[in-house]
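Good morning, and thank you for making the time.

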Amino acid sequence: MSTATESPWLAEATAPTEAAGAKPKIEREAHKLEKRLCREVGRAILDFNMIEDGDRVMVCMSGGKDSYTLLDILRRLQKRAPVNFSIVAVNLDQKQPGFPEHVLPDYFKSIGVQFHIENQDTYSVVKRVVPEGKTTCSLCSRLRRAILYKVADELGATKIALGHHRDDIVATLMLNMFYGGRMKGMPPKLVSDDGRHVVIRPLCYVPEKDTARWAQYQQFPIIPCNLCGSQDGLQRVAVNEMLREWDRKFPGRIESMLRAMGHVVTTHMMDPRLFDFRNARATGVADPEGDTAFDHEEFPAAMPSLPGLQVVQIG
């Protein structure tokens, strides 16, 4: 995931003209956070070629901290990006009871961004189809995705931007490992099954704590995410809590896991679809990328062991 540091995507915003120390500490910290968010989003856009000249980016807005942050940072980057692209904010009003339908339109108007509100009563569909007590997220997600793809066609959007951040991506990897028996996460960029839409996740390098801090500083009008009914028993909730605990106790662990997703050594996994293990034979020709299975792995000495895991050094 190398990045050309001279790219305009990574250029710093104009620095404040006030002398150092003239602003209150909270404003200085907010300025540093803004620079970090813009840098990480710009790096993701550059690394994965997420936004190109002439793109019309549809930013999917749920009313949560992450989608607000995504829209805000993309609009800031738009002013100094090396390409011209437009933004349209889209909210899917699923007619959940108690949803404050005025909040997002009022916010969009206040910042002067083009927007579209799509009204579709998927809430009633999900409640009718899914038995009481069962998780509704899967069906709701499929319905939402189909509707958003349709809206993207109607609006002429060339990219669909979602607000998933670094922690969402790592949590998805863990969920698939723990419960699905597969190594699968959230890609930063993908093409839809029908080949007609490109989905991007510009916050893929951004930790959740940064979107939370930015949303608090900007005082975004957050809409609660549990209007459909709290589902605290979901596996994702447990995994997210575990990751937050790791981030507190072992700083850098989540970032290391994210890096691992971009440095996959297929010869040292177990998927015959990625490497032809059956026909692997000695050739008598030296291979600098060959077996290192018996080499001692060097890890940082300060890296603590996983909670409840005993590490044994085999001599």
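This is a predicted model: local features need pLDDT of at least 70, side-chain atom pairs count only at pLDDT 80 or more; totals for chains, interfaces and linings use all residues.

Residues are numbered from 1 along each chain as its sequence is written, and side-chain values use heavy atoms, with hydrogens and water left out.

By a salt bridge I mean a side-chain nitrogen of Lys or Arg within 4 Å of a carboxyl oxygen of Asp or Glu, and by this rule the count comes to 21.

Let me begin with Arg76, which forms a salt bridge with Glu34, the closest N and O atoms lying 3.0 Å apart. This pair links distant parts of the chain, since Arg76 sits in helix α2 (residues 65–78) and Glu34 in helix α1 (residues 25–47), 42 residues apart; helices here are DSSP runs of H or I with at least four residues, numbered from the N terminus. Arg76 also meets Asp72 in a salt bridge, at 2.8 Å from N to O, and Asp72 and Arg76 both lie in helix α2, four residues apart, or about one turn of the helix.

As for accessibility, buried means under 20% relative accessible area, exposed over 50%, and partly exposed in between, with a 1.4 Å probe and protein chains only. Glu34 is buried at 15%, as is Asp72 at 11%, whereas Arg76, at 22%, counts as partly exposed.

Finally, Lys65, Asp66, Glu208 and Arg244 are linked in a network of salt bridges.

Conventions:
Helices (H or I, at least four residues) and strands (E, at least two) are DSSP runs, numbered from the N terminus.
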